[in-house]
Amino acid sequence: MAKTPIMTGRSARLRFGFLLLAGILTSAPVVYAQYPLQYPSKSQVGKDGTAVLLEDYANPPLSSWTHGGAPPPAIDFKGQLGRMNSLRSEPANAPLAASRFFVDDQSGTLYILDKASKKFTPYLKFPDVFPKFVSDTGNTAGIVSIQFDPGYAKNGKFYSVHVEKPGMEGSATPTNAHLSTLDLNGYTTTPAVNPPAGPVNIESVLVEWTDTNIRNETFEGSARELLRVGYDRNHPMADLIFNPLVKPGQDDYGNLYISVGDGAQGETPGPGHTLPQQLDTFMGKILRITPDINLHPKDKLGPNGRYRIPSTGPDPNPFVSIASTRGEIYAYGLRNPHRMNWDTVSKTLLVNDIGLHYWEEIDIVSKGANYGYSEREGDEQVFVDSAGKTGSLMNPPVAFPDRDLLHVDGIDEPVAPVYPAAVYSHWEGDSIGSGFVYRGKQMPRLRGKYVFNDRTTGRIFYVDLAEMLATRGQRNQQAQIHELQIEFKSPYDSANQNAVKRRMFDIVAETYSHKGGTPAQDRVLPGAGGATTGWRDPEHTQPKADPEGAPYGGGRADVRMAMGGDGELYVLSKSDGMIRKLAAVVTPPPKSGQSAAR
């Protein structure tokens, strides 16, 4: 991981923005952008012939939205049937890592999935433990993410983020009435860290769990609240990741990276609009903290006393020496950075940032970098007071500023924003999912490709990692995205039917229907999405369709990618409640420089 020299006081504030950009742009090769510098008039992402085989992997239990203290809800067949949000492997040296996955259902249950039998065993039921837990307040509520401590094999520690509604009656103190093996002695909640502007209606909570026996399927141990962050209505604390490149005794070992959404304030006119650009709030940031307060005893203790802030040694957090800022901040200027992934070969941390109305981003994370939101999105300016339109869509269009610099309180000199390594417009989809650099064994011809998806449409894409690295944070230099074609043999086909090319959206819709799903009359899946539901024209003659003109039919596939400890890629879809696996490359990507047809 690249180290940043320590600067203190006024010299750091004066020089930080320019030094950061200079480091990113050094020796940047030329990369040709897929998109022009204005919003396109049609789809720009094509199929280059690359095709992969998709197979059903596991069928999770059905679930529905709920909240703390509520009885188990009846399955709502009008809604999503199983909200599988993430799939994680334990560290490879854990005794059962090779035989199981941990899978969280956003509605409230953390499961253990046995790889051999495909059996799901409830491990933790969050509504039974947290009285103010909510998964029924929107798409981003419930269990948001989990992550294992790098020392899990010995210490049994892992971390979770879940959502609570502070306005619910009663205490927020957890209970073990339904989980007698949970030791809550000494557990106390922490004061919420609320933004300096905008309403606070919901809180996301980071909890450290310690399981004293990781060789069974039952949680037996204790829990400790580390951090509680208040926000308005959406985009909570999101993903968690540790640096896999470091070993015990090295400076970054044990530091937890936390992505935090902007609470939907960046898109809201008013004083909260600038929160992603403010260094005195967690909104729209990536944080870095040390949960083990004994690991780096010279570092600053966090305000609530539950963690430390990397502040000494060769790699301190970038803003710890600047007054009036939150020292936990590692990078900023993001909207909804809901998933992160660290590629160990290239030593690259990537984050997928869900956009507002026009652009979806993949960003390469650098310490101290400003990713521009809520003043930039994609390669464009964004104007929140004009319904979130970008500069090229304003009437008349607004020219991009000659000096591409942003003012950030606490930094004396203007800061140059860092631009995405890859983007796609809302002609392709409207909500970027998770992604991973493939390094596995089953699809060797995809190695070195970053494979990711759009959640609403279910489309799966790839982009060459080397091309993304070559962008160096420059505007209009994004790497080219390609769509993966899916071949799939449906369990509802005849026995002699071979795998055929199908859209992920249609695969999910078919399974949803066969499981008894009954969406609204004007759609084939539950929910809605700007890319899949409704019409492209006011006369209602052009339904929302894919780039080849085939209508979607309405609703959301709600797809996410996951990577197991085996290095293979799994596809989780909430609407039909399924887990599938990318099993093989059917047609490899064309060789570099070879022309690709749509």
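Q: Is aspartate 430 buried or exposed?
A: Buried means under 20% relative accessible area and exposed over 50%, with partly exposed in between (1.4 Å probe, protein chains only). Aspartate 430 has 13% relative accessibility, and therefore counts as buried.

Q: On what kind of model do these values rest, and how are residues numbered?
A: This is a predicted model, in which local features need pLDDT of at least 70 and side-chain atom pairs count only at pLDDT 80 or more, while totals for chains, interfaces and linings use all residues. Side-chain values use heavy atoms, with hydrogens and water left out, and residues are numbered from 1 along each chain as its sequence is written.

Q: Where is aspartate 430 found?
A: Helices (H or I, at least four residues) and strands (E, at least two) are DSSP runs that are numbered from the N terminus. In these terms, aspartate 430 is in the loop between strand 25 (422-425) and strand 26 (432-437).

Q: Which residues does aspartate 430 touch, not counting residues up to four places away in sequence?
A: Contact means heavy atoms within 4.5 Å. With residues up to four places away in sequence not counted, aspartate 430 touches Glu360, Asp454, Thr456, Gly529, Gly530 and Ala531.

Q: With the side chain of which residue does the side chain of aspartate 430 make a polar contact?
A: A polar contact is a pair of N or O atoms within 3.5 Å; within protein, one must be able to donate a hydrogen and the other to accept it, and residues adjacent in sequence count only if both atoms are side-chain atoms. The side chain of aspartate 430 reaches the backbone nitrogen of glycine 530 at 2.6 Å. Its side-chain partner, at 2.5 Å, is threonine 456.

Q: What is the omega of the cis peptide bond that joins asparagine 395 and proline 396?
A: Most residues other than glycine have a negative phi, and most peptide bonds are trans. Proline 396 has its place in the loop between strand 22 (389-390) and strand 23 (406-408). The bond that joins asparagine 395 to proline 396 is cis, and its omega is about 0 degrees.

Q: What is the phi of serine 324, which is not a glycine?
A: Serine 324 lies in the loop between strand 15 (308-309) and strand 16 (329-332). Serine 324 is exposed, because its relative accessible area is 63%. Although serine 324 is not a glycine, its phi is positive, at about 70 degrees.
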